[in-house]
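The tour goes from one selection to the next and says what is to be found at each stop.

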Amino acid sequence: MRWRLRALSALGALPAGLRAASGAGGHAGGHAGGRALQDGLSGTGGTAPAPDRHRPSPGRGRGDTVRAWTELFRVSALFSVPGDALAGAAAVGRSPGRGTALAIVASLCLYEAGMALNDWADREEDAVDRPHRPIPSGRISPPAALGAAGVLTAAGLALAARAGRPALAVATGLAATVWAYDLHLKHTKAGPAAMAAARTLDLLLGATASVAAGARGGAAARESAPVVPAAADNVAAPAHPARGPLTALPAALVLGAHTYGVTAVSRHEAQGGSTAVPLAVLATTTGLGAAVLTAGRATRTSAPEPGTGGLGATGPGEHRATRPHSLTPTDLLLTAFTGAYLRTAGPPLLHAALNPSPPLTQRAVGGGIRAMIPLQAALATRAGAPGSGLAVMALVPLARALSRKVSPT
């Protein structure tokens, strides 16, 4: 009788034990059962290894790769490049054309080559100061970055060659400057000067390519035009005489001076600690803005009266007659672009001077890079190409939006 009572007690306790186990196991048991059921239906059985949470899925892996390359190339800074060629074309009195387009694409290739080469050269330093960068974090291998730099350099030179030999010569000097800076000069006192030379050459590349393409187009037009005999006395001088690429040198030097300042500040972006450099660059930025604005107004104020040929009415030995100057839409655009340049570069430099911490110093560098766009627009407008200035300024919202996702520094 006793053994029957014990058996009934055990049978009665069994559901309670199952209920207790179910209450204690809860969701874990349900998920485990669900996984086992899925494994059985899929034919993998219950012995399949657990998924590796640290290994991204194929879709996510592709996204991470794209993100890594955009960080390596600092794509948000790309929008500071096209304005070099447009300002160079405006400085030599050329409308943007085939040569200008070739110069823009060549500059983009050489710029990105420099970005990839920079991270390759700094991979050991970044492993300490910036371990999140693509190479030290392992998302991009050093050989891949170096190979990208080589391919992009070759592509940039090939594109420049299509604009003519003079453009290829300038592009070769630009590429040599970029490689010399990344591999050696940036760790020396000549670093800022080398980077300034690179930006100067980039604007001159746009000017040279635009002049070469314009000369080819003019020669082709002359060859296809019918020959019309005319007396020597009836041959008039061209209304807009051709300007050589060196005409763009003043504008190129302005952009180079700005680049020198940004590079000088960037030398402290990892450790911070410099107050004098941001202050000096802020003063330089203010002076450059004033020079661009004053030179632009002075150029249009001294324009000769129509019909005088640039000389006064009393003869070639007298002073030039000038028109009374009033504000024009071009003047307003020049003032707006110059103000945007000062507003973009100035406040971050002041903040970095007051608190020279790495984050604020990096913001000052980023502001200096973005400020190149309104500076290029101002230079193009000053040269009499407000349309090019507006086209360059249209890149500002794109650069600002992308800089929130990918740092330009």
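Predicted model: local features only at pLDDT ≥ 70, side-chain atom pairs only at ≥ 80, totals over all residues.

Where in the chain is the place of Arg-74? Select this residue, and you will find Arg-74 in the loop between H2 and H3.

**The whole chain**

Zoom out for a moment and colour by secondary structure: the chain has 14 helices and 0 strands, so that line of helices is what the cartoon shows, in keeping with the pattern α-α-α-α-α-α-α-α-α-α-α-α-α-α read along the sequence.

Return to Arg-74, which has a positive phi of about 50° although it is not a glycine. Show its side chain together with that of Asp-119, and the two are seen to meet in a salt bridge, at 3.1 Å from N to O. This pair links distant parts of the chain, 45 residues apart, with Arg-74 in the loop between helix H2 (58–73) and helix H3 (82–91) and Asp-119 in helix H4. Are the two partners buried or exposed? Arg-74 counts as buried, at 5% relative accessibility, and Asp-119 also counts as buried, at 1%. Side chains of opposite charge can pair when their charged atoms come close.

Next, select helix H4, residues 98–121. Its end C-alpha atoms are 35 Å apart, which agrees with the 34 Å that its 24 residues should span at 1.5 Å a residue. H4 is mostly covered, with 18 of its 24 residues buried.

Within this helix, pick Asn-118, which counts as buried at 15% relative accessibility. With which side chain does the side chain of Asn-118 make a polar contact? The partner is Lys-186, at 2.6 Å.

Asp-122 is buried, with a relative accessible area of 10%, and Lys-186 counts as buried at 9%.

**Arg-130 and Glu-269**

Now select Arg-130 and Glu-269, whose side chains meet in a salt bridge at 3.4 Å, N to O. Arg-130 lies in the loop between H5 and helix H6 (142–162), and Glu-269 in the loop between H9 and helix H10 (276–301), so this pair ties together parts that are 139 residues apart in sequence. Arg-130 counts as buried at 11% relative accessibility, as does Glu-269 at 13%.

One further selection belongs with these pairs: Arg-67, Glu-71 and Arg-139 are joined into one network by salt bridges that share partners. The structure holds 7 salt bridges, and those visited on this tour are among them.

Move on to helix H7, residues 165–183, which has 19 residues and reaches 27 Å from its first C-alpha to its last, close to the 27 Å expected at 1.5 Å a residue. Show the side chains of this helix, and colour Ala-167, Val-170, Ala-171, Leu-174, Ala-175, Thr-177, Val-178, Tyr-181 and Asp-182, which are buried. Why do these residues lie on the same side of H7? They cover an arc of only 160° around the axis, which puts them on that one side. An α-helix has 3.6 residues a turn, so residues three or four places apart point the same way. Turn the view to the other side of H7, where Arg-165 and Ala-169 are exposed.

For the last stop, switch to a surface view and select Leu-246, Leu-249 and Leu-253, which make a nonpolar surface patch of about 300 Å². Of these residues, pick Leu-249, whose place is in helix H9 (residues 249–266). Leu-249 is partly exposed, with a relative accessible area of 32%.

Note on methods:
Residues numbered from 1 in each chain as written. Heavy atoms only, no water. Helix = DSSP H or I, 4+ residues; strand = E, 2+ residues; numbered from the N terminus. Expected span 1.5 Å × (residues − 1). Buried < 20%, exposed > 50% of the residue type's maximum accessible area, 1.4 Å probe, protein only. Arc of directions from axis to C-beta. Patch = residues over 30% accessible without salt bridge, like charges linked within 9 Å, V, L, I, M, F, W, Y side chains within 5 Å. Areas by Shrake-Rupley, 256 points an atom, 1.4 Å probe, with all protein chains shown as cover. Salt bridge = Lys/Arg side-chain N within 4 Å of Asp/Glu carboxyl O. Polar contact = N/O pair within 3.5 Å; in protein donor to acceptor, adjacent residues only side chain to side chain.
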